[in-house]
Amino acid sequence: MRRFAWLGIVMVVAGCGVLGDDSDAVRYVAIADAPQTPAAVPPTADASTGTWRVDCGRNERGIRNSDNLVVNPGVVGAAHHLHDYVGNVSTTAFSTDRSLAAAATTCKGGDKSSYYWPVVRVPGDDDMSGMSSAEHDAHGNEGRVLPPASVSIEFRGSPVSDVVPMPEFLRTATGNAHGFSQGGKHTDHLQWTCSGARDRVAKDYPRCPDGQQVIRVFDFPSCWNGKSLDSPDHSSHLVFPNAAGGCPPGFFPVPQLHLEIGYDVPKGADYSVDTFPEDGRSALADHSHFINVMQPALMGRLVACLNEDKRCTA
């Protein structure tokens with residue numbers, strides 16, 4: 001396994017265990033040895049079974065930065081790792097609701113939402129990030145940025161009821177950028193798989209057979225408190241449904257965002273995502289963010305599609 005250059009060994013206490021350097025954090029599993037994909041919640045008679053797909057490209061324009069508007073607005077480089085963006089072309093630490101609404105988008109159908117996640121890197125000297133090598137090394141994120149080969153964006157309904165519209169400028173996240181250093185906290189919905197093995201998912205980086213893409217799967221929470229566009233922890237205002245597919249008391253079902261990001265990983269490459277230094281490029285630290293910048297009329301069409309059990313493309 002490739003070891004990345006570090007200024008020292010990062011030691012993190014998590015629960016009762018001690019997590020060591022990135023050689024402990026970066027783990028790979030043959031997809032055939034990964035657990036089976038959990039069964040979906042069976043829909044009830046009241047389910048909203050429609051889907052809404054939008055094509056926002058795969059960041060062909062190379063829009064990347066190490067800001068995080070959801071978690072650290074106004075702070076340049078606060079993520080300490082690089083993000084890929086699709087959708088809204090103007091998302092930076094200094095974006096506002098007004099600037100996002102006025103910006104252009106890579107999405108078809110007028111969706112100006114911002115979708116972003118940490119980049120994947122592979123060993124190599126060809127740097128495509130626009131950041132200096134010294135800055136890479138300081139954060140432990142080295143290697144060539146591997147552009148996504150495919151990006152699928154889909155909104156889904158609820159297995160137990162109709163859904164209500166997401167409010168404009170709702171901010172949310174899935175995964176935990178500190179999932180490794182926090183001992184796996186909030187990584188329950190983390191999924192990695194291969195394009196030809198959808199019956200298997202892993203929390204470690206999968207080794208895929210030749211000719212198959214590595215796939216990152218991001219399911220977002222879909223139960224909204226009906227009041228807040230964000231919350232101090234960026235998660236308590238929008239939570240995941242329970243095991244039966246329903247929302248907790250005081251929460252309302254909204255469309256569930258489902259992202260799939262595919263990569264053509266070079267054969268045998270020890271690829272990994274960018275992370276905070278203390279998370280050692282672990283797959284457990286994978287995460288994604290979403291800012292809804294759909295105008296109410298567009299969101300209304302999306303919700304009607306889901307509740308009428310249609311298959312729609314923006």
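This report describes aromatic pairs, nonpolar cores, sheet pairing and backbone angles in one predicted model.

Residues are numbered from 1 along each chain as its sequence is written, and side-chain values use heavy atoms, with hydrogens and water left out. Since the model is predicted, local features need pLDDT of at least 70 and side-chain atom pairs count only at pLDDT 80 or more, while totals for chains, interfaces and linings use all residues.

## Aromatic pairs

Rings of Phe, Tyr and Trp (its six-membered ring) pair if their centres lie within 6.5 Å; planes under 30 degrees apart count as stacked, over 60 as edge-to-face and the rest as tilted. By this rule the model holds nine aromatic pairs. In one of them, the ring centres of Y28 and Y271 are 5.7 Å apart and the planes stand at 70°, so the pair is edge-to-face. Y28 belongs to strand 3 (residues 28-30), while Y271 sits in the loop between strand 18 (256-263) and strand 19 (272-273); the two are 243 residues apart. Helices (H or I, at least four residues) and strands (E, at least two) are DSSP runs, numbered from the N terminus.

Y271 also pairs with Y205: the centres are 5.2 Å apart and the planes are at 70°, so this pair is edge-to-face. Y205 lies in strand 13 (residues 205-207) and Y271 in the loop between strand 18 and strand 19, so the pair ties together parts that are 66 residues apart in sequence. Ring pairs join Y28, W192, Y205 and Y271 into a cluster.

Y28 and Y271 are buried, a term for under 20% relative accessible area, with exposed meaning over 50% and partly exposed in between (1.4 Å probe, protein chains only). Y205 counts as buried at 0% relative accessibility. R207 lies over the face of Y28, at 3.9 Å from the ring centre; such a charge has NZ of Lys or CZ of Arg within 6 Å of the ring centre and within 35 degrees of the ring normal.

## Nonpolar cores

A nonpolar core is a set of buried Ala, Val, Leu, Ile, Met, Phe, Trp, Tyr and Cys residues joined through side-chain atoms within 4.5 Å. The largest has 54 residues, of which W52, Y115, W117, I153, F155 and L259 touch the most other members. Helix 4 (residues 296-307) gives the most to this core, with six residues. Leaving aside neighbours within four places in sequence, the contacts of W52 (heavy atoms within 4.5 Å) include I153, F155, L298, L302 and L306. Another core, of nine residues, lies apart from the largest one; among its members are I63, L69, V70 and Y116.

## Sheet and strand pairing

Two strands pair if DSSP finds at least two bridges between them.

| Strands | Bridges | Sense |
|---|---|---|
| Strand 10 (residues 150-156) and strand 18 | Seven bridges | Antiparallel |
| Strand 5 (residues 64-65) and strand 6 | Two bridges | Antiparallel |
| Strand 6 and strand 7 (residues 114-118) | Five bridges | Antiparallel |

In strand 6 (residues 83-87), five of its five residues are buried. H83 in strand 6 is the bridge partner of N65, and P118 in strand 7 is the bridge partner of H83.

Most residues other than glycine have a negative phi. H186 has a positive phi, near 60°, and is placed in the loop between strand 11 and strand 12. At 56% relative accessibility, H186 counts as exposed. H234 also has a positive phi, of about 60°; H234 lies in the loop between strand 15 (223-224) and strand 16 (238-239) and is buried, with a relative accessible area of 16%.

H234 is one of the residues that T172 touches, among them also V70, F220 and H289, not counting residues up to four places away in sequence. T172 lies in strand 11 (residues 171-175) and counts as buried at 2% relative accessibility.
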